[in-house]
Amino acid sequence: MESVQTLTTRFQLPNTRKTLVRIAGSSIAKDPQGAVFQLPNPGAANAQRSFTIPVQGGVQHLLLNEAATLLNDIESLYFPNYRNVADSPVWQRLYGYAQRNLLEMTRQGVVANSALPYESIPCHYCGIVLPKDLIQIDHQQPQTHKALAVGKVFHALNAQLTMAPGVTRVGAAPTKNQQTAQILAAINAGNQNQQNLVAQINGVMPKAWNPFLPWNRRTPNNLSPKGQRYVLTDKGNLLLSVGIMVNGHAGFLNQCVHSLLNLAPACGTCNVHKSNMQHIKGA
Ligand SMILES: [Zn+2]
């Protein structure tokens, strides 16, 4: 768990990495001018202390309190062994896990509902309902595009970390911010409260894509409204840099790639189909 105190201590260690790192679209790189973030005013009260970077026309602040909360949130959504996400009650609620009777053929050749229910989950892409043991875990932003996974997680946390606010389709309720807040509340709750909080989370409906037709992935232009969701603000880049100071470069990116927010259930057909998707430019 990070706190104002742990972040201060880490920053003051002589060898910690304080380089500013930036993400735009699918690229991730150190600041070309080699800028580093600072922790001014060592005498100030904890509530007012912030990391800073110089930006055009002023200084960007990230309060230590807020940085600690956001880093703790990102860590609580992280599944180091990402396949374990299938056992998370929150993830199961999001993706329609239930005990269901599935079709089986008898020895007499009759197709009917199974006598006993299966633990089952629908594929997020085509919607076919499969036994949980046959469902694969798909990285929505693939492991080869770590920067997009950071954008996805930061966008969902909102907190002005990406250029477009964390809202879903017009009129959709709840907004992505509210959804993320509910997910975090359920994850961080003790066992007694968790069931109630999980029940309040809205499910994510399958995309109902046809797995037998070609899929194209539109890679949004950074300037399009959709692309702006994944472009980090100065504050977002500062949080990314602090996250790397705390967890290391690979460690922090892994927290975003293997985040509950980036993991969806997929059948074998869709998982392969999705890996082969063509990336085309679009808005
Ligand atoms: Zn599928």
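Visitor: Which strand does S5 join, and over how many bridges?
Guide: Strand S5 (residues 98–100) is joined to strand S8 (residues 118–122) by three bridges, and the two run antiparallel. Strands pair if DSSP finds at least two bridges between them. Helices (H or I, at least four residues) and strands (E, at least two) are DSSP runs, numbered from the N terminus. This is a predicted model, where local features need pLDDT of at least 70, side-chain atom pairs count only at pLDDT 80 or more, and totals for chains, interfaces and linings use all residues. Residue numbers start from 1 along each chain as its sequence is written.

Visitor: What stands opposite Tyr118 in that pairing?
Guide: Arg100 does.

Visitor: And how does S8 pair with S9?
Guide: In the antiparallel sense, over three bridges, with S9 covering residues 129–131. Ile121 stands opposite Leu130 in S9.

Visitor: How many residues lie between the strands in the S8 and S9 hairpin?
Guide: Six, and in that hairpin Gly127 takes a positive phi near 95°.

Visitor: Switching to helices. At what angle do H8 and H9 cross?
Guide: Roughly 115°, with the axes of H8 (residues 234–247) and H9 (residues 249–257) coming within 7 Å. Axes here are lines fitted to C-alpha atoms, for helices over the stretch in contact, and angles run from 0 to 180 degrees between N-to-C directions.

Visitor: Which residues make the contact?
Guide: From H8, Gly243, Ile244 and Asn247; from H9, His249, Gly251, Phe252 and Gln255. Contact means that two C-beta atoms, placed from the backbone, lie within 7 Å.

Visitor: OK, Leu20 next. Buried or exposed?
Guide: Leu20 is buried, because 22 other C-beta atoms lie within 10 Å. The cut-offs are 20 or more other C-beta atoms within 10 Å of its own for buried, 12 or fewer for exposed, and partly exposed in between, with C-beta atoms placed from the backbone. Leu20 is in the loop between H1 and strand S1 (21–24).

Visitor: What is Leu20 in contact with?
Guide: Leaving aside neighbours within four places in sequence, Leu20 is in contact with Asp31, Ala35, Val36, Phe37, Ile53, Asn237 and Ser241. Leu20 and Asp31 are eleven residues apart in sequence, and their C-alpha atoms are 5.5 Å apart in space.

Visitor: Last one: why does Thr8 count as partly exposed?
Guide: Because Thr8 has 14 C-beta neighbours inside 10 Å. Thr8 is in helix H1 (residues 4–12). Outside the four places either side in sequence, Thr8 is in contact with Leu39 and Leu64. Thr8 and Leu64 are 56 residues apart in sequence but 8.2 Å apart in space, C-alpha to C-alpha.
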